[in-house]
Amino acid sequence: MPENPGMTVSTIEPATEPVPASAPNATPTVAFVSLGCPKALTDSELILTQLSAEGYATSKQYAGADLVVVNTCGFIDDAVKESLDTIGEALAANGRVIVTGCLGAKAGEGGGNLVQQVHPKVLAVTGPHATQEVMDAVHRHVPRPHDPFMDLVPSIGIKLTPRHYAYLKISEGCNHRCTFCIIPSMRGDLVSRPVGDVLADARALFESGVKELLVISQDTSAYGVDVKYRTGFFDGQPVKTRVLDLCTRLADLAAPHGAWVRLHYVYPYPHVDDILPLMAEGRVLPYLDVPFQHAHPDVLKRMKRPASGERNLERLARWREICPELVVRSTFIAGFPGETEAEFETLLDFVREAQIDRAGCFAYSPVQGAAANELPGQLPQEVREERRARFMAVAEKVSVAKLQRRVGVTMQVLVDQAPALGRKGGVGRTYADAPEIDGQVRLLPPEKASKTFKVGEFTRARIVAAEGHDLVALPI
Ligand code: SF4
């Protein structure tokens, strides 16, 4: 039993008829009703604190309020009835109502949302622990009051990337313990951000003009493991904290803006197969950044890599079967402690067979505090560097051959640089290249005088040459 499941924390005196909103220029006012247990109370406190921090006035009266927020309880029948009655009362008295809390997460008959079934006029419904979603709903219906300091900051916050692409962090920390890495000791175990917050950030980024969203974390495929794939809320709809559900909703948000969604740091777990159809349909970019680090099972074991027992070649083949356009980028470590020449050769064979489109390689170097420092068989620096160079020679051969096959193909290019509307040419990227880490497309000046292209826009271009890691293309 929850503590005091139906406890009424604050009540409101109902008005007899719908009340007018505050006068223009008056401080926007939100009436708040908090029902339920102490956990719901702390949610109410968080929302009230945020409302006050943003300059809204809060009230216990429906009269004069621009909006009512009802934080509900849904545990026992009496609490459900009390919550539904309160919502009805608020609708009758004020008309503009947002519902949050446990009852917001409850399904009604046929699987829909109970609150929306009983009170279809509510403006938005969220589940519990959803401060950001409640605030997003409040912002949509009662714009934030002007703040002379905060209003200098764009709604998406301060970004260090160009305006047309942005990184979206979905979690912090990591549950793995790779022996060469100290991230878990610095940042702790995996903590997934609430899916509603992640999606709200994504929407704000797309609305601000972002054309490419780069999903990042330490282990994107593990998103939600820490919260047991808990159901969160976005726009009043339930969404599981799980990478497939996240990708599906991100694709929905990106579509009206014609924007790209690109996934980084995905491990080759079997459930990643489920994301490939989204890529085949063009809803998420057919690009996966999979940090394999090595291919020999014994080295992977010494590295304590996640998914080291997976059959990676088979998995890649399966992915390409579902989505032939798939581009795979990866990073590797050469000269890991104890790596034999034979183990290193296995790595080279893997890169050839796996046809890794873009590969980076580091010569192993010890990091202070990492467990790998204690492993036997530390290799001399020259051996590590020499293996790195050999690896890169093989990887480049694979990559360049794959790029050559693109010559003659017409591709969509996102423009990163374009002096004077692109009439003198410019620089961009196709879906196959992530910013800063992969190659580029050098855009030639368009042949037609009428054809121009601008930074942050897409242009179609015919690939006319491959130069090393880059392509050359003519806008058409
Ligand atoms: S290298 Fe391993 S331990 Fe470090 S962040 Fe990546 S998966 Fe986690």
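Author: Buried means under 20% relative accessible area, exposed means over 50%, and partly exposed lies in between, with a 1.4 Å probe and protein chains only. By this scale Phe458 is partly exposed, because its relative accessible area is 24%. The model is predicted: local features need pLDDT of at least 70, side-chain atom pairs count only at pLDDT 80 or more, and totals for chains, interfaces and linings use all residues. Residues are numbered from 1 along each chain as its sequence is written, and side-chain values use heavy atoms, with hydrogens and water left out.

Reader: How is a pair of aromatic rings described?

Author: One gives the distance of the centres and the angle of the planes. Rings of Phe, Tyr and Trp (its six-membered ring) pair if their centres lie within 6.5 Å; planes under 30 degrees apart are stacked, over 60 edge-to-face, and the rest tilted. Nine aromatic pairs are found in a search of the whole structure. One of them joins Trp260 and Phe458, a tilted pair with 5.0 Å from centre to centre and 55 degrees between the planes.

Reader: Which strands hold Trp260 and Phe458?

Author: Helices (H or I, at least four residues) and strands (E, at least two) are DSSP runs, numbered from the N terminus. Trp260 belongs to strand β12 (residues 260-263) and Phe458 to strand β19 (residues 458-467), so the pair links distant parts of the chain, 198 residues apart. Trp260 counts as buried because its relative accessible area is 7%.

Reader: Is the pair of Phe292 and Phe332 stacked or tilted?

Author: The pair is stacked, because the ring centres are 6.4 Å apart and the planes stand at 20 degrees. Phe292 lies in the loop between β13 (287-289) and α9 (297-303), while Phe332 is in strand β14 (residues 327-334), so the pair ties together parts 40 residues apart in sequence. Phe292 is buried at 5% relative accessibility, and Phe332 is buried at 0%. Together with Phe350 and Phe391, these two residues form one aromatic cluster.

Reader: What does the side chain of Thr86 reach?

Author: A polar contact is a pair of N or O atoms within 3.5 Å; within protein, one must be able to donate a hydrogen and the other to accept it, and residues adjacent in sequence count only if both atoms are side-chain atoms. The side chain of Thr86 reaches the backbone oxygen of Glu82 at 2.7 Å. Thr86 is in helix α2 (residues 77-93) and is buried, at 10% relative accessibility. Contact means heavy atoms within 4.5 Å; leaving aside neighbours within four places in sequence, Thr86 is in contact with Val33, Leu35, Tyr62 and Val70.

Reader: Is Arg387 buried or exposed?

Author: Arg387 counts as buried, because its relative accessibility is 7%. Arg387 has its place in helix α12 (residues 381-404). Not counting residues up to four places away in sequence, Arg387 touches several residues, including Glu339, Glu341 and Phe344.
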